[in-house]
Amino acid sequence: MIESAVILSTGDELTTGKVIDTNSTFIADRLFSIGVKVAAVLKVGDDREKLLWAFAAARELGDLVIGTGGLGPTADDLTTELAGEFLGRKLILDEAVASGLKKRFAARGIPWTDNNLKQALFPEGATILSNPVGTAPGFRITMGQGKQLVWLSGVPQEMTAMFNQTVLPWIAEQQGKEAEILARAFKIYGLTESKLDDLVKPIDLGANAKLSFRAHYPDLTLRITVSGGQARQEALDKLCAEIRDRLGSHIYSEGDLTMEEVVGQFLMEKKQTLALAESCTGGLISHRITRIPGSSNYYVGGAVTYSNEAKMKFLGVQSTTLEKYGAVSEQTALEMSRGIKERTGASIGLSVTGVAGPTGGSKEKPIGTVWISIAREHDHEARLFQFHGERERIILGTSQAALNWLRTVLAS
């Protein structure tokens, strides 16, 4: 049984900050779901001595070492060579892999160079792990002391496919069903981390359950995990029911659904269509809505009306309204939402107008002042919001607040 693992990420691009290491996050999450604790995450550059040190340190800390990167054909791809050196295994050319590489290059019309054969070299005794979306296969090999080394491509798309297809099933087989950890994630809007902690603190978790918090502006994720024994599912269901009862509508989804996906599902279920009039968000809400496949079924279109002239021309906002109340006002937001609804024929018109900063604020309308309005057939309302922070934070917070209000309207 594998109790602990070490994740080893390699590449100068990671240690210089040029690339964010998303591979380690993905692997750690997947390992946790099947009961394997991550003892450490190590990151080293393309350096011979540092890589040999990392192999030794990783083997010392975990039963399983999962590494990524350095499997390509170039001179700085050192992983396979150094793994062989560390384990005292010579490198063997796998003829089947070499032939497959040549055929793949020919099929795509890519010129073949002999350095690509480097991707067909593996430490003696290794089990080759196929790469369904890339050229470089990975491998699994014993490290001695009852420990295993698994190495995967560093390209996130390739690593994910390799891990899900070959590595995860193999680890799960080693673990057995009883080691599995059950988990549920709740995405939350409208609570601070401290308030969330206060609300869930009275829940009796028992000995085998744990709550964890992750703040990722503009919302929070609450994760519950349950381990130990056959009653895990029953315990998880009971605790989840209590969490739902305590947090109510602050929970906007369970699992990995984004706010825009939840809104899209509601629009589909209610057979409603949406049009957007955006000022301070500059089209971000439209982008979030349209990034969801199938959004053409409920999203009619929108207008980014930044200037007063654009608000009058495309949305029908009255010049007298702008002169008397200003662009950032309840009255302008109401006319914007009604205007986009009428002009597009959508069943719902949503508008946002505000001061994102860092300039343009005043005593009456400080930076972060935002009006959001929703227009429906028999309901027309605008609400005032106040956000804080730098410009991008205010814009993101506005988009989330607008979508969340729309979510609550559609859910009622």
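A crossing of two helices is called left-handed if the near helix is turned anticlockwise from the far one by less than a right angle, and right-handed if clockwise. The model described here is predicted.

**Helices α9 and α14**
- Helix α9 spans residues 259-270 and helix α14 spans residues 391-411; their axes come within 9 Å and cross at roughly 30°.
- Angles under 35 degrees count as roughly parallel, and α9 and α14 are therefore roughly parallel to each other.
- The crossing of this pair, α9 and α14, is left-handed.
- On the α9 side the contact includes Val262, Val263, Phe266 and Leu267, and on the α14 side it includes Leu403, Leu406, Arg407 and Leu410.
- Sorted by class, the contact of α9 with α14 holds 9 nonpolar, 2 polar and 3 charged residues.

**Helices α2 and α6**
- The axes of α2 (residues 22-33) and α6 (residues 156-175) come within 11 Å, crossing at roughly 20°.
- That angle makes α2 roughly parallel to α6.
- The crossing of α2 and α6 is right-handed.
- Among the contact residues are Phe26, Ile27 and Leu31 of α2, together with Met159, Phe163 and Leu168 of α6.
- The contact of α2 with α6 divides into 8 nonpolar, 4 polar and 1 charged residues.

**Helix α4**
- In α4 (residues 79-87), the buried residues are Thr79, Thr80, Leu82, Ala83, Gly84 and Leu87.
- Elements covering these buried residues of α4 include helix α3 (48-61) and the strands β1 (4-10) and β7 (138-144).

Definitions and conventions
Residues numbered from 1 in each chain as written. Predicted model: local features only at pLDDT ≥ 70, side-chain atom pairs only at ≥ 80, totals over all residues. Heavy atoms only, no water. Axes fitted to C-alpha atoms, helices over the stretch in contact; angles between N-to-C directions. Helix = DSSP H or I, 4+ residues; strand = E, 2+ residues; numbered from the N terminus. Parallel < 35°, antiparallel > 145°, perpendicular 65-115°, else oblique. Contact = heavy atoms within 4.5 Å. Nonpolar A, V, L, I, M, F, W, Y, C, P; charged D, E, K, R; others polar. Buried < 20%, exposed > 50% of the residue type's maximum accessible area, 1.4 Å probe, protein only.
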